[in-house]
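Reader: Please pick one part of this model and go through it closely. Give the cut-offs as you go.

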Amino acid sequence: MIHREGPTLRRRSPSAFTLIEVLVVIAIIGLLIAVLVPAMAQAREAAKRVSCASSEKQIITAVHMYSQKYGGFVPFS
């Protein structure tokens, strides 16, 4: 029995991205960055507020401990 093989049609798989695909990806990344930058700025500002509140609490605790040790006197700056 003889097997005949007809012409096979193979599609070439694309080996590179087209310019349109690259531009779409760059546009999507740009949009994501535009959305995330303000959120990051707000998070940074919130972290700064928490840090300041923590420092203020430490200063108040230190002044309170000083006044207890030295008979109620508070150091003035």
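Author: By relative accessible area, a residue is buried under 20%, exposed over 50% and partly exposed in between (1.4 Å probe, protein chains only). On that scale Y70 is partly exposed, with a relative accessible area of 43%, and Y66 is partly exposed at 37%. This is a predicted model, in which local features need pLDDT of at least 70, side-chain atom pairs count only at pLDDT 80 or more, and totals for chains, interfaces and linings use all residues. Residues are numbered from 1 along each chain as its sequence is written, and side-chain values use heavy atoms, with hydrogens and water left out.

The structure holds one aromatic pair, made by Y66 and Y70. Their ring centres lie 4.6 Å apart and the planes make an angle of 40°, a tilted arrangement. Rings of Phe, Tyr and Trp (its six-membered ring) pair with centres within 6.5 Å; planes under 30 degrees apart are stacked, over 60 edge-to-face, the rest tilted.

S67 lies in helix 1, which covers residues 19–69; helices (H or I, at least four residues) are DSSP runs, numbered from the N terminus. S67 counts as buried because its relative accessibility is 13%. Of the 77 residues of the protein, 1% count as buried. Leaving aside neighbours within four places in sequence, S67 is in contact (heavy atoms within 4.5 Å) with G72, F73 and V74. A polar atom of the S67 side chain also lies 2.8 Å from the backbone oxygen of H64.

Terms used:
Helix = DSSP H or I, 4+ residues; strand = E, 2+ residues; numbered from the N terminus. Polar contact = N/O pair within 3.5 Å; in protein donor to acceptor, adjacent residues only side chain to side chain.
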